[in-house]
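Please take a look at the structure below.

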Amino acid sequence: MGPLHRILILFAHPALEKSRLNKIFLKAVQNLSGVTVHDLYEQYPSFHINIAQEQALLLTHDIIVFQHPIYWYSSPAILKEWQDLVLEHGFAYGKGGTALQGKKFLSAVTTGGGATAYSLDGLNRFTLRQFLLPFEQTAYLCGMDYLPPYVTFGTHQMQAPPTLQAQAQSYRQAIMALRDNRVHWDRLRQTAYFNEDLTQVIYGEATETDA
Amino acid sequence: MHNQDFFFQAFIYLGAAVISVPIAKRLGLGSVLGYLMAGILIGPFGFHLVGQNGEDVLHFAEFGVVMMLFLVGLELQPALLWRLRVPILGLGGLQVLGTSLVVASLGLLIGLPWQSSLAVGLILAMSSTAIVLQTLNEKGWMKTEAGQSAFSVLLFQDIAVIPILALLPLLAITPTHQARLVSSTASPWLNVAQTTQASLPPWQQTLLVIVTVGGIILAGRFLMQPVFRFIATTGLRELFTATALFLVIAITLAMNAVGLSPALGTFVAGVVLAENEYRHELETDIEPFKGLLLGLFFISVGASIDFSLLFQNPWLILSLVIGLALIKGLVLFVLSRIFRLELGQGLLFSFALAQGGEFAFVLFSFTLQNNVLTSAITAPLVVAIALSMALTPVLIIGYEQWVYPRFRLLQPDREADLIDEDNPVIIAGFGRFGQIVGRLLIANGVRVTILDHDPSHIDLLRRFGWKVFYGDAARIDLLRAAGIGHARLLIIAIDEPEKTLGIIHAVQKYFPQIQILARATNRQHAYDLIRAGVQVIERETFGSSLAMGVTALQLLGMRAYKAQRVAQTFKDHDEQVLREMAFMAGDKIQLMARSRQMNEELAQLLQSDDQEIAHLIDHAWDASSLYAEGKDESPREATPG
């Protein structure tokens, strides 16, 4: 049985060699069938984004994932550049801009600070969902279905490799569930973050074993 | 007549080699065994094509051993030698000591005087550098733990010959007795020249030795550099080969004159020259001579095996051969356990070195001259040593067939990475193009082997502390010596288009696994490279011209970021067209038509500033479609800006 949803992961990390979490997250989803991992910094080291190619990629996928670390309450630079260039008027929004309508959008982000830092009375004074509002609104304008973001808080505190590996496994489970349509969509919509409690929003086992 | 004799000899030797070595190779026996059998066949006990003359050839062929030690020296940077000091002194020293003691005690047991016992022990402790290195190299085992350990032991032995030569005369029993030489006479290449040694008082002798070795080191360090450079400027390859041979022969003569082993002298010279940038060239120039002469040497060893002694006294000789192999093998195996070699590696180490060596021939004749031993003792031992040498390749084959598979199953192949010129990147040509590539790589910790054939250039680079090797990259043997077999990338940055293509074709044929990155001198050359299947091509002036174009656009008022982006667009387009046109180049008319069309396309693309190029590069930043939509209908709330 083929995948129900084809997933495009737009990955942005300018210094992957220094990453601890995103690197293994990437590895965890890299060879899944039905999942295309698109490493933007690897593809466009000079930021010269090939718009036609990117748009073609969007058209052939059902779920678009922005996977990146949070830099200054937003994404690394190339992902913003990507949005500015690829989500063109007439393609993604505006008159005739219906190419992305009905597709699902997911932010999969990591933060250095812990969950408490991202609360109204915490250091960052806003919740992470609030910081992600530009992405939510972008998805809305493009007619996309914005899913609660998949957030891994507190990466600065994570030291032990087993913890990192367990986190990567959860992420892999979530991506596979999205792909196989094993998600309680109603329950998901009621949560603030996709991975608040994965057992509540996804069910069943992966139907195929992937390398 | 004499000439004809020489040619006839050469005819016999070369013929025997040409016939038997390929057969031995085909049968999986290795070249050494092939040479030895060729020698036995043409020798006095085979077809009797060479008789006593064989000895002359043996002396000449021993020069092959001398050359081999020169090449071994070239492989060894002093730093590596220092790193190997523990196995060299520990393994090598204990091996010589252990074997000598065991053999000497056996000698005492059968009633020999202690002096003779000790002499025999010391001489039998030597193993055959020539046979072991050649055989292990052929199997590709030189870099294994066992190979490196064997190498260390052989190195120690080659050096130990000198003090042993000094020690042996002290062991003389009857100073008046004048022994006659038996089967192998004093050899001019491996041996000491007794005349000088006898005629000089010891302190003068010592002084002479120090001066000679010191001279070799100093000359190698300071004199050879300008000489090689001068020779290299002539551009005559055969002159370089001649210089290399001249060097080795000169050292050999000098060492003979002071009564030292030429093998040691050339070894020292090799080590001195190991850091030299002409090293790879020297290696490749001498290699064929070494191979041929070593082959001759093996043939002569085969031809000089005295089978009459074997037939007269088969049991004595056989027990000597087996006893020698057992004693040496056991000593080596015990050492391999002490030095914690893996079991399989320890066995290989013991099998490989359990024979007598070529130095034993020399040392035995030396002991005869100095009345240390009598021919009654040396004659059977010389035959036993020759046989044990001939048996070594057989033992190794046995190891490969029955022992090796067991250990291979038990443990993964672990290759000690000691001799370390196997850099992942080779840059051929280190001129204005190659330098920039190389500097970027080196600055990022990538180990790079650089080849260049401009002597003045190399000299300059060396003054800035670069490690550069002299050599013509068009020679596949030189590339091989530079480690292309293990490299991942070959960057061809030379400025001769034809030569670049030549290298590419040769490398693709012999080393298809390596990724080639090539510098194209012009568009036509780029076509050739694309057609040759090179994936990564950089046109030498393209990038910098483009950069200048970008600056020009900026100076004319274009914003920097836009200038950069139009240049990138131009580059992408041009590269696409380049690859397309590479395969049209045969058809001139088609090519010209396409070329015109391309120019029009590009002009259109670049001139139509407001439409085409804007569409290509920054449509999304252009709000005109939003204005247009706004005119059509009342603007929606929905705008992202």
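What follows is a short tour of a predicted model.

## The sheet in chain B

Chain B holds an open sheet of six strands, in the order 3-2-1-4-5-6, with parallel pairing. Strand 3 (468-470) and strand 6 (536-539) are the edge strands, each pairing on one side only. On average, neighbouring strands are turned by 20° against each other, direction ignored.

Strand 5 (residues 515-520) of chain B runs parallel to strand 6, and four bridges join the two. Here Ala520(B) stands opposite Arg539(B). Helix 23 (residues 523-531) of chain B packs on the sheet and touches strand 5 and strand 6. The direction of helix 23 makes about 165° with that of strand 5.

## Salt bridges

The structure holds 20 salt bridges over all chains. One of them joins Arg475(B) to Asp285(B), at 3.5 Å from N to O. These two residues are 190 residues apart in the chain, and both are buried.

Arg539(B) and Asp574(B) also meet in a salt bridge (2.7 Å, N to O). Arg539(B) lies in strand 6 and Asp574(B) in helix 25 (residues 560-582) of chain B. Arg539(B) counts as buried because its relative accessibility is 11%, under the 20% cut-off. Asp574(B) is buried too, at 6%.

Within helix 23, Arg531(B) forms a salt bridge with Asp528(B). They are three residues apart, so about one helical turn separates them.

## A nonpolar patch

Val102(B), Leu106(B), Leu109(B) and Ile110(B) make a nonpolar surface patch of about 420 Å². Leu109(B) lies in helix 5 (residues 85-109) of chain B. Leu109(B) counts as exposed, at 71% relative accessibility.

Key: Residues are numbered from 1 along each chain as its sequence is written. Chains are lettered from A and ligands numbered from 1 in the order in which they are written. This is a predicted model: local features need pLDDT of at least 70, side-chain atom pairs count only at pLDDT 80 or more; totals for chains, interfaces and linings use all residues. Side-chain values use heavy atoms; hydrogens and water are left out. Two strands pair if DSSP finds at least two bridges between them. Axes are lines fitted to C-alpha atoms, for helices over the stretch in contact, and angles run from 0 to 180 degrees between N-to-C directions. Contact means heavy atoms within 4.5 Å. Patches are made of residues with over 30% relative accessible area and no salt bridge: like charges are joined within 9 Å, nonpolar side chains (Val, Leu, Ile, Met, Phe, Trp, Tyr) within 5 Å. Accessible areas come from the Shrake-Rupley method with a 1.4 Å probe; for residues, only the protein chains shown count as cover. A salt bridge is a side-chain nitrogen of Lys or Arg within 4 Å of a carboxyl oxygen of Asp or Glu. Buried means under 20% relative accessible area, exposed over 50%, partly exposed in between (1.4 Å probe, protein chains only).
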